[in-house]
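The following questions ask how terms are applied to a protein model. Each answer sets a value against a definition.

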Amino acid sequence: MKRILYSISATAALLLSATAAYAHVHLVSSTPVANATVAAPARLTLSFSDTIVPAFSGFDLINSAGTAIAIRTSVSEDRKSISGVPAQQLAAGRYTINWRIAAGDGHRMTGSFAFTVR
Ligand SMILES: [Cu+2]
């Protein structure tokens, strides 16, 4: 009986953690795609799996020298993506996007990825 109880609670714990992980909002796609080499993009877009809180969601664009590029970000009307238009055309080189969001469930998350402008 003890053994049965143990396996039931272990299964419940697994199910709970799987549900919690699934519930977290995550980055589903981006333009440019992570690690892509592209022509200078006029607009950068990050799409998330669920709604985010505009006041606490945005991203920074950093060049290979570590300098932040001026960019104004905004959250879409459906609150599932963030777009930003660089203040000037991006020069060739490698760039990193550092994003931060607050999800509807109150969790804050951050992440980053890089792309290259040819
Ligand atoms: Cu969450």
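This is a predicted model: local features need pLDDT of at least 70, side-chain atom pairs count only at pLDDT 80 or more; totals for chains, interfaces and linings use all residues.

Q: What makes His-24, Asp-105 and His-107 the protein donors of the copper ion?
A: Donors are N, O and S atoms within 2.8 Å of the metal (3.2 Å for Na, K and Ca). The atoms ND1 of His-24, OD of Asp-105 and ND1 of His-107 lie 1.9 to 2.2 Å from the copper ion, so they count as donors. Water is not among the atoms, so sites may look incomplete. In sequence, the spacing of the donor residues is H-x80-D-x1-H.

Q: Why are Asp-105 and His-107 called partly exposed?
A: Buried means under 20% relative accessible area, exposed means over 50%, and partly exposed lies in between (1.4 Å probe, protein chains only). Asp-105 has a relative accessible area of 43% and His-107 one of 37%, so both are partly exposed.

Q: Why do strand 1 and strand 6 count as edges of the sheet?
A: Strands are DSSP runs (E, at least two residues; helices are H or I, at least four), numbered from the N terminus. Two strands pair if DSSP finds at least two bridges between them. The open sheet has four strands in the order 1-3-7-6, with antiparallel pairing. Strand 1 (27-31) and strand 6 (71-75) each have a single partner strand, so one side of each lacks a neighbour in the sheet.

Q: How do you know that strand 1 and strand 3 are paired?
A: Four bridges join strand 1 to strand 3 (residues 44-48); the definition asks for at least two, so the strands pair. They run antiparallel, and Ser-29 has Ser-47 in strand 3 as its bridge partner.

Q: What makes the contact of Asp-60 with Arg-100 a salt bridge?
A: A salt bridge is a side-chain nitrogen of Lys or Arg within 4 Å of a carboxyl oxygen of Asp or Glu. The closest N and O atoms of Asp-60 and Arg-100 are 3.4 Å apart, so the pair qualifies. Asp-60 lies in strand 4 (residues 58-63) and Arg-100 in strand 8 (residues 93-102), so the pair ties together parts that are 40 residues apart in sequence. A search of the whole structure finds one salt bridge.

Q: Why is the pair of Phe-48 and Trp-99 called edge-to-face?
A: Rings of Phe, Tyr and Trp (its six-membered ring) pair if their centres lie within 6.5 Å; planes under 30 degrees apart count as stacked, over 60 as edge-to-face and the rest as tilted. The centres of Phe-48 and Trp-99 are 5.2 Å apart and the planes stand at 70°, so the pair is edge-to-face. Phe-48 in strand 3 and Trp-99 in strand 8 are 51 residues apart, and both are buried.

Q: What makes the pair of Tyr-95 and Phe-115 stacked?
A: The ring centres of Tyr-95 and Phe-115 are 5.7 Å apart and their planes are at 20°, so the pair is stacked. Tyr-95 in strand 8 and Phe-115 in strand 9 (residues 108-117) are 20 residues apart, and both are buried.

Conventions: Residues are numbered from 1 along each chain as its sequence is written. Side-chain values use heavy atoms; hydrogens and water are left out.
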